[in-house]
Amino acid sequence: MNNIYLALLQTTILLMLLGCNGCQTESSENNGTKDNIEFPVFDRDKAYSHVQKQVDFGPRVPQTDEHKACAEWISETFESFNWTVQNQEAEVTGFDDRPMKINNIIATINPELKNRVLLCAHWDTRRVADQDTSRQDQPILGADDGGSGVGILLELARAISTQEIALGIDIVLFDAEDQGESGTSTREYRKKTWCIGSQYWSKNMHKMSKKPYMGILLDMVGSKGARFPREGVSTKHAAGVVNQVWAEALNLGYSDLFVNDQFHELVDDHLFINDIAKIPTIDIINLPTNPSSNGTFGHYWHTHKDNMSIIDKHSLGAVGDVLIQVLYKNAAGIL
Ligand SMILES: [Zn+2]
């Protein structure tokens, strides 16, 4: 064998190896179906850096410069992935009965398609650290409470832009989820001052070719050791969506995070999407077995501990991987 043939052979073998290594798509035969679906890869490092970037702006409290700067960055980032962005700006009544300017950020792909899915999170962060023992009057960084859901959805938008999907997707990032009055424990009272952005959007949905047939809300989805039980409002209004998501999580080996326990009903953005917009929507939310003194959420909830030190790439990646499976299988009509 002369050197030219040897070089050609080596090149061929190298290309074959590269071909396999570069092949990021997977056949859904691995997941027990016959259809060949090409799934894009969710990059957990990129999701993490999107959380970091938001935290770098500082607390994102409505009507502050940091809030405005972060909104611009979020919009530009979606646009860089060729998603269409709208800012739904409104003046509403805040927790203190004074006017509050809010901005729901909406990113859309495939606007003409009638089979649509809603993905959402809140992007504002709490104006006070009322669950902390110190600096209670100061705003929190909200790495997990706000930042993680947005970080995942931004990376999801990038991943989807690399692999065509036969599904319309509306990502809505709600403002003013977390500006409610402290200590408002009754459900009816919580509705008055919390989840203001999602209540506004649910009453004033942006123009869509058709209303989404299902929705998935992410809230506090990026902390180390996160635990997502099946939350009550989700199973009440959207049991089918819960079953899809938890089944895909099991397929992917993430049943340590997506546990099968049932949890009671929470007042979160999805409650209003279900009640007012009538879109069957679930909430993926961290509800640990050993919550802090607040009795429900993680030890860092509404404290200054909600910073990058609690954020975990494995949790971000698990949620992103599950969403990719759910979306592309929905698009293929097999979920
Ligand atoms: Zn919160």
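This is a predicted model: local features need pLDDT of at least 70, side-chain atom pairs count only at pLDDT 80 or more; totals for chains, interfaces and linings use all residues.

**Helix α9 and its surroundings**

Analyst: The crossing of α7 and α9 is right-handed.

An α-helix has 3.6 residues a turn, so residues three or four places apart point the same way.

Helix α9 itself comprises residues 313–331, which is 19 residues. From its first C-alpha to its last it reaches 27 Å, close to the 27 Å expected at 1.5 Å a residue. How much of α9 is buried? Of its 19 residues, 16 are buried, so the helix is largely enclosed by the rest of the structure. A residue counts as buried here when 20 or more other C-beta atoms lie within 10 Å of its own. After α9 comes Gly 333, which has a positive phi, near 75°.

The crossing of α4 with α9 is right-handed. From α4, the contact draws on Ser 148, Gly 151, Ile 152, Glu 155, Leu 156 and Ala 159, while α9 supplies Leu 316, Val 319, Gly 320, Leu 323 and Ile 324. Seven of the residues in this contact are nonpolar, three are polar and one is charged.

The chain contains nine helices and eight strands, and 47% of its 335 residues count as buried. When contacts between residues at least 6 apart in sequence are considered, 78% join residues at least 24 apart.

Another enclosed helix is α6, residues 196–203. Seven of its eight residues are buried, so α6 is largely enclosed by the rest of the structure. These buried residues are Ile 196, Gly 197, Ser 198, Gln 199, Tyr 200, Trp 201 and Ser 202. They pack against strands β1 (84–93), β2 (99–109), β3 (116–122) and β4 (168–174), and also against helix α8 (269–277).

A further helix pair is formed by α2 (residues 44–57) and α3 (residues 65–80), whose axes come within 9 Å and cross at roughly 150°. These two helices are therefore roughly antiparallel to each other. Their crossing is right-handed. Lys 53, Gln 54 and Phe 57 of α2 meet Glu 66, Ala 69, Cys 70 and Trp 73 of α3. This contact divides into four nonpolar residues, one polar and two charged.

Among the strands, β5 (residues 214–219) holds Leu 217. Leu 217 counts as buried because it has 29 C-beta neighbours inside 10 Å. Leaving aside residues up to four places away in sequence, Leu 217 touches Cys 120, Ala 121, Asp 268, Asp 269, His 270, Thr 281, Ile 282, Asp 283 and Ile 284. The C-alpha atom of Leu 217 is separated by 9.7 Å from that of Ile 273, although these residues are 56 apart along the chain.

Most residues other than glycine have a negative phi. Asp 97, which is not a glycine, has a positive phi of about 65° and lies in the loop between β1 and β2. Ala 176 also has a positive phi, near 55°, and is found in the loop between β4 and α5 (187–193). Are these two residues buried or exposed? Asp 97 counts as exposed, since 9 C-beta neighbours lie inside 10 Å. Ala 176 is buried, with 30 other C-beta atoms within 10 Å.

Note on methods. Residues are numbered from 1 along each chain as its sequence is written. Helices (H or I, at least four residues) and strands (E, at least two) are DSSP runs, numbered from the N terminus. The expected span of a helix is 1.5 Å times one less than its number of residues. A residue is buried if 20 or more other C-beta atoms lie within 10 Å of its own, exposed if 12 or fewer, and partly exposed in between; C-beta atoms are placed from the backbone. A crossing is left-handed if the near helix is turned anticlockwise from the far one by less than a right angle, and right-handed if clockwise. Two residues are in contact if their C-beta atoms, placed from the backbone, lie within 7 Å. Ala, Val, Leu, Ile, Met, Phe, Trp, Tyr, Cys and Pro count as nonpolar, Asp, Glu, Lys and Arg as charged, and the others, Gly among them, as polar. Axes are lines fitted to C-alpha atoms, for helices over the stretch in contact, and angles run from 0 to 180 degrees between N-to-C directions. Angles under 35 degrees count as roughly parallel, over 145 as roughly antiparallel, 65 to 115 as roughly perpendicular and the rest as oblique.
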